[in-house]
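Keep the sequence and the model open while you read.

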Amino acid sequence: MIKIALIGLGSMGRNHYRILHALGEKVQIVALCDVVKNGDFAEPFFTDVDEMLDTAKPDAAIIVVPTFLHKEVALKCIERGVHVFIEKPAASTIEDAKLIAKAVKEAGLKSCVGHVERFNPVVQALKEELKGKEIYTMSITRVGPFPPRIADVGVLTDLSVHDIDLMRFITHRNILEKNIFKSRKIHNHHEDNAVLSFELEDAIVAEILTNWLTPFKKRTIEVACKDAYFEADLITQNLTEYSNFHVNNSYVVRGCHIKKDEPLLKEVEAFVTYLETGERGSLATIEDSIITLQVATEA
């Protein structure tokens, strides 16, 4: 049984708490940590990270604190030989993320960054469908209303990092060129509206539309290939293929089979497997997050 500490019990932290309990006997939650205890928990609770690490002595920690604290908390864990799962992005700056990556490597520890959309069943299915196909274009939309819980970053760091990572993860292609346009409409300090365009290897062109200005959530990926067009809905986990266009303006529509599941559950299960076997699977590396940060922060 792997002993895990959960650091940060905000909205996302509580989701991790629920998932860890759902894993049953695979893991043991040996400590919880946050600046304030807000709720009743059966597990030992700490308000100081150093005290928690020295007392509970976890094998691994899931870090779900605000982004600007990622480096400080991660380095404290690494110094004590604790494997780390860091919610995306790895850090608030590229330099901080590189420091974490260096510390992990020198300590010989396992690490990953929580890019949860990699584990969305519809993303996994789309990735499988695209194997062997020539990709022409990719268009990703991630929009919704402004989330009051976000105060320290804008849409580029909070939202677009999901899709910059997905773009590389799904296509297995590197970014050659990029253009990013952004604006601030309702947020006092950070951008809340952005359009990102990319040229990837093999002449693939891609775009990402993201904002906090839309009254409803929309999460879609559309991919045009040589022989088919795919439309994936990340919320409903539905994947549709359109193909075989004919002169009478008809085409074949196929609903791809998806075994629906909770992405965060699959991601945390993958982290536990990684700790047990060393098999990383689809988990994002700190280096993956650094590439994504380079795109988002250079804007």
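Predicted model: local features only at pLDDT ≥ 70, side-chain atom pairs only at ≥ 80, totals over all residues.

Residues are numbered from 1 along each chain as its sequence is written, and side-chain values use heavy atoms, with hydrogens and water left out.

**Cysteines**
- The structure holds 0 disulfides (a disulfide is a pair of cysteine sulfur atoms within 2.5 Å).
- For Cys-256, the nearest cysteine sulfur belongs to Cys-225, 11 Å away.
- Cys-77 is buried at 0% relative accessibility, and Cys-256 is buried at 9% (buried is under 20% relative accessible area, exposed over 50%, partly exposed in between, with a 1.4 Å probe and protein chains only).

**Helix H2**
- H2 spans residues 49-56, and its buried residues include Val-49, Met-52, Leu-53 and Ala-56 (helices are DSSP runs of H or I, at least four residues; strands are runs of E, at least two; both are numbered from the N terminus).
- These residues cover an arc of only 95° around the axis, so they sit on the same side of H2 (the arc is taken from the directions from the helix axis to the C-beta atoms).
- They pack against strands S1 (2-7), S2 (27-33) and S3 (45-46), and against helix H3 (70-79).
- Asp-48 caps the N-terminal end of H2, with a side-chain oxygen 3.2 Å from the backbone nitrogen of Asp-50.

**Asp-288**
- Asp-288 sits in helix H8 (residues 286-298).
- Asp-288 is buried, at 15% relative accessibility.
- Leaving out residues up to four places away in sequence, Asp-288 touches Arg-118, Asp-165 and Arg-168 (contact means heavy atoms within 4.5 Å).

**Aromatic rings**
- The structure holds 6 aromatic pairs (ring centres of Phe, Tyr and Trp, its six-membered ring, lie within 6.5 Å; planes under 30 degrees apart are stacked, over 60 edge-to-face, the rest tilted).
- Phe-85 and Phe-271 are edge-to-face, with centres 5.3 Å apart and planes at 75°.
- Phe-85 is in strand S5 (residues 83-87) and Phe-271 in helix H7 (residues 263-277), so the pair ties together parts 186 residues apart in sequence.
- Phe-85 is buried at 0% relative accessible area, and Phe-271 is buried at 0%.
- Ring pairs also link Tyr-17, Phe-41 and Phe-45 into a cluster.

Conventions:
Polar contact = N/O pair within 3.5 Å; in protein donor to acceptor, adjacent residues only side chain to side chain.
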